Amino acid sequence: MKTSIEHTLAKVPEVTLGFWLIKIAATTLGETGGDAASMSMHLGYLVSTGIFAAIFLACVIAQIKAKGFHPFLYWTTIIATTTVGTTLADFADRSLGIGYAGGSSLLLALLLGSLLVWHRTLGSVSVSTVSSPKAEAFYWLTIMFSQTLGTALGDWTADTMGLGYTGAAIVFGGLLALTMAAYFWSSVSPTLLFWAAFILTRPLGAVVGDFLDKPLSSGGLALSRYSASAALFAFILTSVLVFRQRPAQASH
């Protein structure tokens, strides 16, 4: 008989290569999709944030209420965090005038604060211990902060630091490679490395998304945000079907 902990954990996917490929594609879709709403549809950052925040909350509620792991629901919720993260970061950085450095610093503080409160409340921030609605709430709040931070960090690196989209992608891709190497060949906490990798995939996706849809004069490919988003969505859908999504198991 399965324990209640294992039953709840069945809503969280096992972390595999397929997980990371889908995660990077989802973060890229969050960038192109968020920009499509705020810029191409001319809804603005605030209205777009409100729309995506409502979708995000609905997805999280459905995710928490679900009695088992549903891959499409899980990844829909992830995509919702990336889109609201994109428009929220752009609103804070540009409309509020905080700037990329200020926005990144504020969001980093919120992310670390979420992890700290989560750890002090439940004793661990490992995804293998997500076994209650409270833990899931912390999980999704932390993910939302990480997605928003990644957007601001990607813009800061590509624009303010002058690395451009390609240069920024190389930087974040390199940091992800180092994180992976640390996972296989060091004694660093796997939980710490998971969250480091989870955070780093977001700015990587952000700069790749910007590279796809920004004008040629800005170093992008000037692709349609709609077509880029549709292609990324098709890739995610195919990947979820191809890479068997197994539920994470409780650590013993």
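Trainee: Leaving aside neighbours within four places in sequence, which residues is Ser 95 in contact with?
Mentor: Tyr 45 and Asp 90, once neighbours within four places in sequence are left aside. Contact means heavy atoms within 4.5 Å. Before we go on, this is a predicted model: local features need pLDDT of at least 70, side-chain atom pairs count only at pLDDT 80 or more, and totals for chains, interfaces and linings use all residues. Residues are numbered from 1 along each chain as its sequence is written, and side-chain values use heavy atoms, with hydrogens and water left out.

Trainee: Where is the place of Ser 95?
Mentor: In helix α4. Helices are DSSP runs of H or I with at least four residues, strands are runs of E with at least two, and both are numbered from the N terminus.

Trainee: And what is the relative accessible area of Ser 95?
Mentor: It is 45%, so Ser 95 is partly exposed. The scale is relative accessible area with a 1.4 Å probe and protein chains only: buried is under 20%, exposed is over 50%, partly exposed is in between.

Trainee: How many Å separate the C-alpha atoms of Ser 95 and Trp 185?
Mentor: 44 Å. Along the chain they are 90 residues apart.

Trainee: Let's zoom out. How many helices and strands does the protein have?
Mentor: Nine helices and zero strands.

Trainee: What box do the C-alpha atoms fill?
Mentor: Roughly 60 × 35 × 35 Å, taken along the principal axes.

Trainee: What percentage of the 252 residues is buried?
Mentor: 49%. Contacts tell another part of the story. Of those with a separation of 6 or more, 77% join residues 24 or more positions apart.

Trainee: Charges next. How many Å apart are the mean positions of the positive and negative charges?
Mentor: 12 Å, for 13 positive and 11 negative charges. Lys and Arg count as positive, Asp and Glu as negative; His and the chain ends are not counted. Each charge is placed at NZ of Lys, CZ of Arg, CG of Asp or CD of Glu.

Trainee: Now α2. Is it mostly covered or uncovered?
Mentor: Mostly covered: 18 of its 24 residues are buried. Helix α2 covers residues 17–40. At 1.5 Å a residue it should span 34 Å, and its end C-alpha atoms are 33 Å apart, which agrees. The expected span is 1.5 Å times one less than the number of residues.

Trainee: Which residue follows α2?
Mentor: His 42, whose phi is positive, near 60°. His 42 is a residue other than glycine. It lies in the loop between α2 and α3 (44–65). At 67% relative accessibility, His 42 counts as exposed.

Trainee: Switching to Ala 222. What is its phi near?
Mentor: Near 60°, a positive value in a residue other than glycine. Ala 222 sits in the loop between α8 (190–213) and α9 (225–242). At 45% relative accessibility, Ala 222 counts as partly exposed.

Trainee: What do the buried residues of α5 pack against?
Mentor: α4 (71–95), α6 (133–160) and α8. Those buried residues include Tyr 100, Leu 107, Leu 111 and Trp 118. After α5 comes Gly 123, with a positive phi near 90°.

Trainee: Which helix is Ser 146 found in?
Mentor: α6. At 0% relative accessibility, Ser 146 counts as buried. Leaving aside neighbours within four places in sequence, Ser 146 is in contact with Leu 111, Phe 198, Ile 199 and Arg 202.

Trainee: Last one, Phe 211. At what relative accessibility does it stand?
Mentor: 26%, so Phe 211 counts as partly exposed. Its place is in helix α8. Beyond neighbours within four places in sequence, the contacts of Phe 211 include Tyr 165, Thr 166 and Leu 221.
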